[in-house]
Amino acid sequence: MNDSNMPRVGILMGSDSDWEVMKEAGKVLRDFGIPFEMSVTSAHRTPERTHDYALNAAPRGIRILIVGAGAAAHLAGVVASITDLPVIGVPLSATELQGMDALLATVQMPGGIPVATMAIGKAGAKNAALLSVRILALEDPELAERYRDFKSRMAAEVTQKHQALQARLQTL
Ligand code: RP5
């Protein structure tokens, strides 16, 4: 593996049951051409594995960690306590509380150890990847250009939707 193929973003999830949501982050990174890796590790079921991963991520060239977990979601906070890399948390819906438990557990970090917390679920996973793109783009002008193109396409889609709405209005 040459340097340009080395994973720059690590996507962690507490369980394979988180895959359906967390794959959204992977899709965004793939579309932007950012090498990434995905791992399952649990703060409470595999604490040593989690510790080893967080400790070795930066020395292996990882620049940002995206961490999704549901229920009493302490994975992002634990990982952030071990690494100095930016950690972006994605709260997931895994219990009767539909992600509110994970949201509060992820966002309410006591002062001292930050976790940048996204929305619950797929929007959060997608935004975690887009925030990673923005951070990496600070030192990568080509990536910054690709991000600007992405925003332009998104804006063009909204304009198209507006125009389609005007056409529908005529049919009222
Ligand atoms: C969390 O518990 C995981 O992140 C997952 O969202 C949730 C349920 O895990 P499983 O019981 O499906 O393995 O640690």
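Helices here are DSSP runs of H or I of at least four residues, numbered from the N terminus. The structure I present is a predicted model, in which local features need pLDDT of at least 70, side-chain atom pairs count only at pLDDT 80 or more, and totals for chains, interfaces and linings use all residues. Residues are numbered from 1 along each chain as its sequence is written, and side-chain values use heavy atoms, with hydrogens and water left out.

Let me begin with the second largest pocket. A pocket is an open set of points, on a 1 Å grid over the protein atoms alone, where a 1.4 Å probe fits, with protein on both sides within 12 Å along at least five of seven lines; lining residues have an atom within 4 Å of a point. Helices α1 (19-31), α5 (122-137) and α6 (141-169) each supply at least two residues of this lining, and α1 gives the most, with four. Among the lining residues are E24, K27, R146 and R153.

I turn now to the ligand. Residues with a heavy atom within 4 Å of a molecule count as near it; around the ligand these are G14, S15, S17, D18, H44, R45, A69, G70 and A94. Polar contacts are pairs of N or O atoms within 3.5 Å. A polar side-chain atom of S17 lies 2.7 Å from a ligand oxygen, and one of D18 lies 2.6 Å from an oxygen atom of the ligand. From the backbone, an N or O atom of G70 lies 3.1 Å from a ligand oxygen.

Key. A polar contact is a pair of N or O atoms within 3.5 Å; within protein, one must be able to donate a hydrogen and the other to accept it, and residues adjacent in sequence count only if both atoms are side-chain atoms.
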